[in-house]
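Let's take a friendly walk through a protein model, starting with the whole chain and then moving to a few of its residues. Keep the picture at hand as you read.

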Amino acid sequence: MNYLIGIDVGTSATKTVLFDEAGTVMASASQEYPLYQPKNGWAEQKPEDWRDAVLATLERVVSQAAVEREAIKGIGISGQMHGLVMLDEAGEVIRPSIIWCDQRTGEEVEDMLRIMPKERWIEITANPPLTGWTAAKILWVRKHEPENYSRCKHILLPKDYIRYILTGVFATEVSDASGMQLLDVPGRRWSDEVLEALQIDKSMLGKVYESCEVTGTLLPEIAEKTGLTAEVKVVGGAGDNAAAAVGTGIVRDGTAFTTIGTSGVVFAHSSQVSIDKKGRVHTCCCAVPGAWHIMGVTQGAGLSLKWFKDEFCQDYVAEAKAQGKDVYDLINEDVKTIPAGSDKLIYLPYLMGERTPHLDPDCRGVFFGLSAIHTKKHLLRAVMEGVSYSLCDCNQILKEMGVDVTQMMACGGGGKSPVWRQMLSDLYNCTVKTVQQDEGPALGVAILAGVGCGIYPSVEEACDRLISEKSSTSPVAENVKTYECYHHIYQNLYQSLKADYKELANL
C-alpha cells in the first residue's frame, strides 16, 4: 500500500493529513496561528508560523500512523491564495506576509490601471487589478517599504514558501499563480508583458508547473526531522479553492462547489477559458492540467460568523464547553428556530471589503432592519443568510456567463452545517450535495501527489475512484420565494450605501 500526504496552509491553521491510496485517513494533525491587523483593512501573518505548523504537523502524522516511512511516496501542498512572501538572498523572510484579505492597496490598483487599461488586464490575467491579489501588494511594498523591496530576491505564495522549506526549490503552479495578477492565464505561463509593465524582475518568481507535476523531493534535514525519506516527491499542489475542487470531485464540466471557510467561494470547472469581461468573477487555471475554473469570492463568509461568535457569543462558548459540544452546533440549533429572512433583518458581510460582484475594498459590514423584536438568534441567522446572499450573487453571474452547473457541492467548515446548506439550496433553487470525504483541500492535493507519483493515471480517474456522495439537500419552495424578496433588498443596499462607504473610508 502506498501513502500520500496533503498539507493545507489555511488562514487560521495548517492541517496535515496522511492518506492511503484508497483515500482513507490514516492520521491528521492541525496547528493554529494568529492573524495580525496593524491597521483597519490590513491583514498579515508570519510565514515562520506556517513553517513551524507544517513541520510540527508533518512530524505528528508520520509518528501517529503505523506506516512504513518508505511507503509514503508524495506530498501535495494547498494554501491560502494571493499572499505575498518576500525572501532575501539567503532565503530568509523579509517582512510578514500581506495575505489575501488585506485591502491596503487601493492606490496601487489605480496605478496598475494607469499603466495598462482594465480590458488588457482582463485579456492577459483574466481579471481586473484587485486589491487582494499579489501584484498590487508587491507594488505597495516597493512604494512604502523600498528598503524591504531592495532586499527581495524571491517572491512566493504562502504554500510555495512551504515548498521552499521542504525542498529548497523556488517554484509555483498554475492555479495559485493565477491569483497573483502576473500570469498569462490562457497561456498558463508568466506574462512578460505584465512583468515589464510593472517593472518586476522575472527572476524573482519561481518556475511555473502544472498542479500534479513533481517540483522536487524533501531536503535530507527535513526528511530526518519529520520522519520521512528524502525520496518523497513534492508536487505543484494547488491554491486552496482549486485543491478543494479536486477534493470534492469538481473536475469536469457541469460541476461546481460552494465553500464556506474564512472566505466563501462559488467555483465552477471549465474545460475552456471563459472570462467575464466585467471582471466580477475570477477565471484561473485549475488543478486539472489544461483546464480552468471560474469563481466568485465572498471575502467575509465564515469570517463573519466567527467574528460574531468571538465578540458576542461568550454564552454559547461557555455552554458548549459545559456540554462538551461544538459551539457551532449550538448556534445551528438556535438558528433553526428563526424563520427564513430573520424577521426582516439583513446582514451585509463586508467586514473585509468585498470582491464579487463589487470589487470594493471600502465597503463595510451592516445589519439592516434591526428592531426591538430581534434577538441574538436573529442576528446569527442574519449573518449566515447575508453570506448566502453574497454567494448567490456569485452563482447568478456564473449563470449569466452561460456556465451550466448541474451539480453543486458544499464544502468547508460552513458546508458542514445543514442549516447553511439549506439556505444555499433555497437561494440557488437547486440541490446541494456533500461528499463522504470531508478533508477538502488536503485530499485534493494528496490526489495531485498521487498523480505525480504515478499511483493514479489522472486527476479525473482518481476522483472517480476516491470520492462518493454523502448527503443531498433540496430547496424548500416557500423559502425560495421568501429569499427572492430578501435577496433583492440585499442587492439594493450596496447600491444605496456605495457613496457612503467611500465617504467613510476618506474620514
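When we count charges here, Lys and Arg are taken as positive and Asp and Glu as negative, while His and the chain ends are left out. By that count, the protein chain carries 49 positive and 66 negative side chains. The centres of these two sets lie 2 Å apart. Do remember that this is a predicted model.

**The whole chain**

The secondary structure comes to 19 helices and 24 strands. The radius of gyration of the protein chain is 22 Å, close to the 23 Å that the globule rule gives for 507 residues, so the chain is as compact as a globular protein of that length. Along the principal axes, its C-alpha atoms fill a box of roughly 65 × 55 × 45 Å. Of the 507 residues, 61% count as buried. The accessible surface of the chain comes to about 19100 Å², and carbon and sulfur atoms account for 49% of that surface. Now consider contacts between residues at least 6 apart in sequence: 72% of them join residues at least 24 apart.

**A glycine in a loop**

Gly-41 sits in the loop between β3 (25–32) and β4 (44–45). Is this glycine buried or exposed? Gly-41 counts as buried because its relative accessibility is 9%, and the cut-off for buried is under 20%. Leaving aside neighbours within four places in sequence, Gly-41 is in contact with Cys-101, Asp-102, Gln-103, Arg-104 and Arg-364. Thr-105 is 64 residues away from Gly-41 in sequence, yet their C-alpha atoms are 9.8 Å apart in space.

**The cysteines**

One of the contacts of Gly-41 is Cys-101, which is itself buried, with a relative accessible area of 4%. A disulfide is a covalent bond between the sulfur atoms of two cysteines. How many disulfides does a search of the whole structure find? It finds 0.

| Cysteine | Closest cysteine sulfur | Distance |
|---|---|---|
| Cys-101 | Cys-363 | 14 Å |
| Cys-453 | Cys-212 | 11 Å |

**A helix and its partners**

Finally, look at helix α3 (residues 118–125), where Trp-121, Ile-122, Ile-124 and Thr-125 are buried. After α3 comes Ala-126, whose phi is positive, near 70°.

How values were computed:
Residues numbered from 1 in each chain as written. Predicted model: local features only at pLDDT ≥ 70, side-chain atom pairs only at ≥ 80, totals over all residues. Heavy atoms only, no water. Buried < 20%, exposed > 50% of the residue type's maximum accessible area, 1.4 Å probe, protein only. Helix = DSSP H or I, 4+ residues; strand = E, 2+ residues; numbered from the N terminus. Contact = heavy atoms within 4.5 Å. Rg over C-alpha atoms; globule rule 2.2 N^0.38 Å. Areas by Shrake-Rupley, 256 points an atom, 1.4 Å probe, with all protein chains shown as cover. Charge placed at Lys NZ, Arg CZ, Asp CG, Glu CD. Disulfide = S-S within 2.5 Å.
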